[in-house]
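Have the 3D view open and follow along.

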Amino acid sequence: MNIEILAGTPSSVETPLLVLPWCQASETEAERPAAELDPLDEVLGLTLTRAVVGGDYRARRGETLLLYRVKDSGPDRVLLVGVGQRGDLKAERLREAGGHGARRAAELGVTEMFVWASPEWLGGVVDLEHASRALVEGVVLGDWRFEELRSEPAEDDHRPALQALSLLVPKAPAKKLAGSGAALGQVVAEAQNYARELAIRPANIVTPRYLADEARRLGEELGLKVTVLDREEMKKDGMNALLAVAAGSDEEPRFIAVEYSPAPGQRPLVLVGKGVTFDAGGLSLKTPAGMESMKDDMSGAAAVLGALRAVARLKLKANVVGLIPAVENLPSGHALRPGDVISSRSRKTIEVLNTDAEGRLILADALNYAARYEPVALVDIATLTGACVVALGKEAIGLMGSDQGLVDEIRVAADRSGERVWQFPLWDEYRELMKSEVADIKNAGGRPAATITAGIFLREFVGSVPWAHLDIAGTAWAEKAGPYQLAGPTGVGVRLFTEWVRGRAG
Ligand code: BES
Ligand code: MN
Ligand code: ZN
């Protein structure tokens with residue numbers, strides 16, 4: 001998508017579609033149009049004022065109204081998109097507005113559109129740079145769809161993709177801030193779409209070897225150092241917990257390290273993403289319904305690759321390493337058995353009571369491996385527990401960690417990126433639930449606090465590095481569509497990570 005910033009007045013742009021984010025004045029009324037919009041109202045035959053003043057249009061969050069030009073020049077169509085009350089306005093409402101705009105553009109079959117980004121209209125509530133970023137993210141995310149595996153377009157989907165987006169600002173000096181926000185938003189949203197693409201491709205395509213090849217391809221494109229360990233190399237390195245999970249599948253496991261190093265000599269941030277390309281549960285087999293969606297069990301890996309892509313394209317001045325343990329979790333005659341005691345890279349022994357708690361096993365070795373980079377901070381992301389879906393539903397990422405300073409940084413980044421997190425405690429009392437009769441720790445602690453006990457398990461393998469853990473079991477896949485989200489993979493984590501690294505890079 002080609003994105004540019006133009007200075008001008010809404011009434012004079014020639015475009016098939018102009019999107020105007022619109023605020024509510026009260027529960028029952030939209031804000032009156034500002035005087036600067038009078039000429040546009042003329043172009044629309046005064047229907048803008050009539051819709052708003054008559055109360056037909058209330059500008060509630062997500063409420064849209066499409067108006068048409070009656071004069072000879074100006075935008076063909078104007079779409080009002082409600083963003084709720086001015087006092088509650090935040091970047092997320094604008095991201096949603098961008099998504100609604102992209103959706104309607106697709107329905108109308110138009111391939112270019114304008115969005116009005118007036119700093120006056122925004123009223124100083126959200127600064128223009130952040131607002132522009134959010135609008136662009138909404139449009140780019142809202143325009144995404146996945147068609148590569150159809151031989152012909154879906155019946156209801158012959159829409160062309162959006163080719164061009166223009167942000168319209170009132171005066172030339174505003175172009176700079178709007179431009180930098182838009183550039184950032186485009187890179188981040190494209191990286192998030194990239195993560196969605198990896199997650200939606202099925203497990204017969206996205207295997208551990210595929211993830212490794214994709215990481216190499218990405219590395220070549222962006223100048224990243226990529227190292228891939230195969231089964232033999234992992235064995236030499238002592239990644240026994242990871243290999244124990246891989247044992248049940250004929251797919252070869254891979255351990256992938258991607259390094260972005262723009263700041264020589266500085267200790268890196270390390271991101272670890274769970275890369276289970278399919279999770280059948282192993283011998284602790286899932287139900288058919290339970291494994292239907294398990295091609296997305298590598299969404300953490302997708303988020304890490306997406307974040308590295310964004311960070312590298314933005315040329316952020318912070319060293320970042322992405323680590324991806326990639327395996328398939330299947331039952332077979334070679335598979336790990338419930339009750340088996342395995343060793344791990346850290347040499348701690350693990351009693352595997354449930355082979356479906358495989359994510360923590362591969363992450364244990366990856367987190368332990370991370371120490372070799374002497375990271376300033378270590379964050380992992382994983383579709384780890386069904387219990388996280390029970391606790392938070394689809395609304396928030398489960399967050400926990402060993403270092404409250406780091407956890408708070410993640411919370412700030414979440415707030416700024418619009419990807420919500422909610423913290424769970426890792427009190428030492430929960431460790432009791434993971435005590436094994438025979439080994440150092442067991443891998444499943446039963447139903448109580450199952451998201452937390454997974455975090456407790458991971459903590460054992462981290463060492464002394466400040467560490468945080470993101471459980472995206474609920475947020476990686478959307479059951480129903482949202483303003484900038486189709487039902488399907490969300491690419492969650494990419495915006496959050498990129499924002500976090502941006503904060504660290506200063
Ligand atoms: N990949 C699943 C977690 C999951 C479940 C993600 C549902 C998304 C939706 C994970 O490997 C798993 O199976 N976890 C088990 C752990 C349990 C056996 C301790 C779970 O949560 O049931
Ligand atoms: Mn599992
Ligand atoms: Zn899993």
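## Two domains

Start with the big picture: the C-alpha centres of domain 1 and domain 2 lie 37 Å apart. This is a predicted model, and the chain is divided so that domain 1 covers 2-193 while domain 2 covers 224-505. Where the two domains meet, domain 1 puts 20 residues into the contact and domain 2 puts in 23 residues.

## Where the ligand sits

Now go looking for ligand 1. You'll find ligand 1 in the second largest pocket. How many residues surround ligand 1? There are 16 of them, and the closest are Asp 279, Lys 286, Asp 356, Glu 358 and Gly 386.

## Polar contacts

Zoom in on a few atoms. Glu 358 has a polar side-chain atom 2.8 Å from an oxygen atom of ligand 1. Lys 286 also reaches an oxygen atom of ligand 1 with a polar side-chain atom, this time at 2.9 Å.

Leu 384 uses its backbone: an N or O atom there lies 3.3 Å from a nitrogen atom of ligand 1. And how much of ligand 1 does the protein cover? On its own, ligand 1 has 520 Å² of accessible area, and the protein covers 78% of that.

Note on methods: Residues are numbered from 1 along each chain as its sequence is written. Chains are lettered from A and ligands numbered from 1 in the order in which they are written. This is a predicted model: local features need pLDDT of at least 70, side-chain atom pairs count only at pLDDT 80 or more; totals for chains, interfaces and linings use all residues. Side-chain values use heavy atoms; hydrogens and water are left out. A residue is near a molecule or strand if one of its heavy atoms lies within 4 Å of it. A polar contact is a pair of N or O atoms within 3.5 Å; within protein, one must be able to donate a hydrogen and the other to accept it, and residues adjacent in sequence count only if both atoms are side-chain atoms. Accessible areas come from the Shrake-Rupley method with a 1.4 Å probe; for residues, only the protein chains shown count as cover. On a 1 Å grid over the protein atoms alone, a cavity is a set of points where a 1.4 Å probe fits but cannot get out, and a pocket is an open set with protein on both sides within 12 Å along at least five of seven lines; lining residues have an atom within 4 Å of a point. A molecule sits in a cavity or pocket if more than half of its atoms lie within 2 Å of its grid points. Domain bounds come from an automatic or database domain assignment. Contact means heavy atoms within 4.5 Å.
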